[in-house]
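Here is a briefing on one protein model. Please have the sequence and the 3D view open as you read.

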Amino acid sequence: MSDEMDLRDLKEKEIYSLGEDFRGRSKNGEEISFTNYYMMKNKTPFFGVSGEFHYARMCEERWEDELIKMKLCGINVVSTYVFWIHHEEEEGLFRFDGRRNLRKFMELCGKHGLYVILRVGPFDHGEVRNGGIPDWMYGKPFEVRSLNEGFLKYVEQFYRQVARQAEGMFFKDNGPVIGVQIDNEYMHSSAPWEITTGVSNEWVPVGEEGNDYMIGLKALAAKCGLTPAFYTCTGWGGAAAPDTMLPLWGGYAFRPWLFYSYRGEHPATEEYVYQDYHNNAAVCTGDFKPCYEPETRPYSCCEMGGGMTCCYYYRFQFPYKSVDAMANIKIASGCNFLGYYMFQGGSNPTGNHGAFMNEGQVPKISYDYQAALGEFGQVRESYRRLKSIHYFAGAFGREFCTLQTVLPAGASDIAPKDDKTLRWAVRTDGKRGFLFINNYQDHFRLPDRHHEEISLWLKDEKLTWNLSIAGDENAILPFHFNLDGIDLVQASAQVITRVSHAGETTYVFFVPDGMQGIFRFEDRARITGTDSNIYKCGDLVSAECFGVEKDDAKCRALVLSRSLANDMYLLSDGRLVFTDETILEDENGIRLQSVKSTALIHVYPAEGFGESKNIRRVEGGYADFLGAYQIQRKEKKADLVVKQVGPSRYTVEIPEDAFEGVKDLRLQIWYTGDIGNAFIGGRLIHDNFCNGAVWEIGLKEFEKELKKDCITIYLTPIKEGVNVNVESAMAARSEEVKAYVAKLEKAELVPVYEMKIA
């Protein structure tokens, strides 16, 4: 295929401040503000990367490590629902202890330099019981989600309690909280009243008072002390979005709610087709139908599908490559503020009297969400792939945010199952920019593409790429990119970040799968040691390093394979660590978390680490620029005792010393059946809707209980040939089943090691 785009008469985008409703100043003189196109920090463009993390859905002892992992992935904003029902399950009895300790969570975010957006409802949804509205509100003599005196009285009491926890935590007080979301999907979405649903199928009101409701709640929040730099609201689905709130968007390609009443195949969606979300004249496909002119507000996201939970009628294994592909689509389409839901999975708390806090279509406890970070700290492929995009946003967001979207003709009309047309877009100012390519589609695999030709006409030149790309892959390719005074005219490689050591600057790139890395610099530049301004990577690049010079300017380029880029962690001092395990960095140093007692890591520059108790330099590495280090701990052996005690019921005994010397233990279970349920002492601690993946349970928070009790696994069977017999004159019913399918195939205990390495 050959395609081209003319950028010679590109009209400059009008950028202006959104004023005081979207501005906050701290006591130490910092400022957060917004233009109509991007967020600014101290009057400089700032690329926001937000990840959703529900504190009440995780044991508080795990919070800090997970926040550090988010930071190491390039997240700079943590978004969290404050579920009313979690804090006031019983009327007048507020709880902010343990996993409900909102203040402690915000303090940890602040400690690690992460901004916070509080999503305070009163209605949140998030697959929580009643959308977060307490059960006791159902019987009150007024409607919820309405501007009536009764409802506002209780919302005010809740807001004041939240504000008390957040006192001193707002940006104006030098705290981390920059934003507050009011309600969620008002006039767009609702949730079942779980105390009646299944009998009467009754739902929490969706709302009908439009902007008046949102403005009224915003004023109430401010009155109660919830005073951020800016307020946000849901943008999608015709939800109410007043001019004084930042509308936030998203996109889900995996939609379990379709199956509440539908029983067919999930369709391929429009989420992986490029759009122009910041263009008044553009007609976008899908759910983007704002109630305002698109160019008057930045296109910002809070709910890009960072995963998805299985519901009872839709079981699937979430494809992790879908997440960075969506990030690619959103950025190319004009987004300067990414937001993932969920980024961190979790487990629901149990109510004060045993009530379950999730809504009925999803598991009662598990809210793992197949997210980038699992509910027990598991690092998923999506996390590893996203680092490259987030590091880029952190290093070059200032320059990137001002670039505008330009699409080739017909780009936004590509059908989801069109596997003939290459999907591409550009962010540019007409002189420099980035070529975006997406070759991923949900529920339909796009083929490998070969020898695609794309040309861009700039003012004084024509740039042409001849490239290939693998199926399920995406790419962001720079043109006229400034490397410390040297012009990288174009590259078939994606830039990740810029690091400096010993006075030398290195730009880090990776080559997307299926592509050959080619770099062409300005005519006056030379690849160090050659007479050429062009560098071509080997066909099977793992890591290559070369220098480039022009007059007195010089720098290095470190070029990685996609696989090695996924393994890369950027440390605070600019060192790079490469491992398929997990790196954490805090004020106490650098730690490795691993499910293996022995690990090999690589470091750039090669002498980046010294040797210590747990780490030593070894031979190997890549050429002379990546050092190899061996990390080793004594291996922990822990054998399980599994007994079958019923047709689909099993006990699992954990050895008494299993927790000694390890960070955590994960119980992995392979089974066939409908639902997996795990109990300790008769209490449900975890559950799983069977989707063919390994069922995993973190055991650290149950250590004390497991020293005196075993785990009971009950597998709800898949029933074949079900009939309910009601052929009786009396009030009797019985279920007749031809076959039950439920079996625990295998169970293993996986230790999680933690080793300090620097």
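Pro-605 sits in the loop between β34 (598-604) and β35 (615-622). The peptide bond from Tyr-604 to Pro-605 is cis, with omega near 0°. Helices (H or I, at least four residues) and strands (E, at least two) are DSSP runs, numbered from the N terminus. This is a predicted model: local features need pLDDT of at least 70, side-chain atom pairs count only at pLDDT 80 or more, and totals for chains, interfaces and linings use all residues. Residues are numbered from 1 along each chain as its sequence is written, and side-chain values use heavy atoms, with hydrogens and water left out.

**Other backbone features**

- Most residues other than glycine have a negative phi, and most peptide bonds are trans.
- A cis peptide bond also joins Gly-121 and Pro-122, with omega about 25°.
- Pro-122 lies in the loop between β8 (115-119) and α4.
- Lys-43 has a positive phi, near 65°, and is not a glycine.
- The loop between β4 and β5 holds Lys-43.

**Sheet β2-β3-β4-β5**

- Four strands form an open sheet in the order β2-β3-β4-β5, with antiparallel pairing. Two strands pair if DSSP finds at least two bridges between them.
- β2 (23-25) and β5 (44-46) stand at the edges with a single partner strand each, so one side of each has no neighbour in the sheet.
- The twist from one strand to the next averages 30°. Axes are lines fitted to C-alpha atoms, for helices over the stretch in contact, and angles run from 0 to 180 degrees between N-to-C directions.
- Strand β3 (residues 31-34) and strand β4 (residues 39-41) run antiparallel and are joined by three bridges.
- Phe-34 stands opposite Met-39 in β4.

**Sheet β1-β19-β20**

- Three strands make an open sheet in the order β1-β19-β20, with mixed pairing.
- Its edge strands, β1 (2-6) and β20 (462-469), each pair on one side only.
- Neighbouring strands here are turned by 20° against each other on average, direction ignored.
- Seven bridges link strand β19 (residues 449-457) to β20, and the two run antiparallel.
- Leu-456 has Leu-463 in β20 as its bridge partner.

**Helices α4 and α5**

- The axes of α4 (residues 149-165) and α5 (residues 210-224) come within 9 Å and cross at roughly 45°.
- The two helices are therefore oblique to each other. Angles under 35 degrees count as roughly parallel, over 145 as roughly antiparallel, 65 to 115 as roughly perpendicular and the rest as oblique.
- α4 passes α5 in a right-handed crossing. A crossing is left-handed if the near helix is turned anticlockwise from the far one by less than a right angle, and right-handed if clockwise.
- Residues of α4 including Phe-151, Tyr-159 and Ala-163 meet residues of α5, among them Tyr-213, Leu-217 and Cys-224. Contact means heavy atoms within 4.5 Å.
- The contact of α4 with α5 has 10 nonpolar, no polar and three charged residues. Ala, Val, Leu, Ile, Met, Phe, Trp, Tyr, Cys and Pro count as nonpolar, Asp, Glu, Lys and Arg as charged, and the others, Gly among them, as polar.

**Helices α6 and α7**

- The axes of α6 (residues 321-332) and α7 (residues 381-400) come within 8 Å and cross at roughly 20°.
- α6 and α7 are therefore roughly parallel to each other.
- Their crossing is left-handed.
- The contact of α6 with α7 has six nonpolar, two polar and four charged residues.

**Whole protein**

- The protein has nine helices and 48 strands.
- Its C-alpha atoms fill a box of roughly 95 × 60 × 55 Å along the principal axes.
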